[in-house]
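Work through the exercises below with the sequence and the model open. Try each task before reading its solution.

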Amino acid sequence: MTPRPYIASQADDPWSRMWCDTTPRHLAGPGDPRHVTQALRAAGWKNLGDPDFPHVVLASPDYQHTLVLEPTPKTYGSWWRISSTPWGGWHASFGGNTPAEVIAGFTDALLRPTPEGEPDIWPALQAAGWTYERDERGNEHARHPDGITTMERSATLTGDHFAWTAEVALPTGLGGHHRLWHAYFDDRTPRHLLASFAAALVDPAPVSRGRYDVPHSHLVTQVERGAQGDQLAAAHDERLKAIRTAARKARRASALTTRPASAPGAETTMPAARSR
């Protein structure tokens, strides 16, 4: 058998570079998309993508949710698109520089049971030092202490419904702004998914990035560690293992709740023996 030639690729991570603990996470850049996609695959999502086209297309086991990761050259294009089906469901999207760990806060919540009640999104941001405002029209706005990161729920241009956005917008020095990344959620998006996204956004834990493998090195702090490719790979494997275990338990629990019960007082009757 002809040996596979070595082809340099980012898919060789986490062994192909030296890693740094990088903070704050919301300015650390995209990271490894497999933190999201392989977690969904571990939970049973099916890969429906075309291997000859540069995209990833995943669908949940019940086909109620889909994820498309499709790189686009558009400056403000959405690389990630997550939807519920059929039509009339909710939709979310994320720009290419959105940290995978923050997107995973949203997608991981899709894999967990839906909690009772609707959690409030803003307290997690306020607890992390964000300022919060609400105007007379019901628009809500929170801003990170860095002054460039925001999350808001505001009326659309038509004014007939609301939408959620989160973004990092860097000042250009000419009175304008350059968007580093953005996220969009329509107002039908389940609140527990938004709450999980917000919690991941403000999580103070560092994320792993290569030295200078960030959109703007002056915005983050990177602390070098020793060679830790094996450690990162092991942590990722443990994450996938935990998701597979949780998915199996959820499937078993679902099977037990949907199994038809026998009618009260019913007795099992054996078929009569056939006479010879």
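**Exercise 1. Overall make-up**

How many helices and strands does the protein have?

Solution. The model is a predicted one, in which local features need pLDDT of at least 70, side-chain atom pairs count only at pLDDT 80 or more, and totals for chains, interfaces and linings use all residues. Residues are numbered from 1 along each chain as its sequence is written, and side-chain values use heavy atoms, with hydrogens and water left out.

Step 1: the protein has five helices and 13 strands. Helices (H or I, at least four residues) and strands (E, at least two) are DSSP runs, numbered from the N terminus.

Step 2: the C-alpha atoms fill a box of roughly 100 × 65 × 35 Å along the principal axes.

Step 3: 37% of the 276 residues count as buried. Buried is under 20% relative accessible area, exposed is over 50%, and partly exposed is in between (1.4 Å probe, protein chains only).

**Exercise 2. Helix H1**

Find which residues of helix H1 are buried.

Solution. Step 1: H1 covers residues 34-42. Step 2: its buried residues are Val36, Thr37, Ala39, Leu40 and Ala42. Step 3: just after H1, Gly44 has a positive phi of about 100°.

**Exercise 3. Arg209**

Decide whether Arg209 is buried or exposed.

Solution. Step 1: locate Arg209 in strand E12, residues 207-210. Step 2: Arg209 has a relative accessible area of 2%, so it is buried. Step 3: check its surroundings along the chain; Gly31 is 178 residues away in sequence, yet the two C-alpha atoms are separated by 6.6 Å.

**Exercise 4. Tyr63**

Why does Tyr63 count as partly exposed, and which residues does Tyr63 touch?

Solution. Step 1: Tyr63 sits in the loop between strand E3 (56-59) and strand E4 (65-69). Step 2: Tyr63 counts as partly exposed because its relative accessibility is 45%. Step 3: leaving aside residues up to four places away in sequence, Tyr63 touches Lys46, Leu48 and Thr85; contact means heavy atoms within 4.5 Å. Step 4: Ser84 is 21 residues from Tyr63 in sequence, and their C-alpha atoms are 8.6 Å apart.

**Exercise 5. Charge**

How many positive and negative side chains does the protein have?

Solution. Step 1: there are 29 positive and 30 negative side chains. Lys and Arg count as positive and Asp and Glu as negative, while His and the chain ends are not counted. Step 2: the centres of the two sets lie 9 Å apart, with each charge placed at NZ of Lys, CZ of Arg, CG of Asp or CD of Glu.
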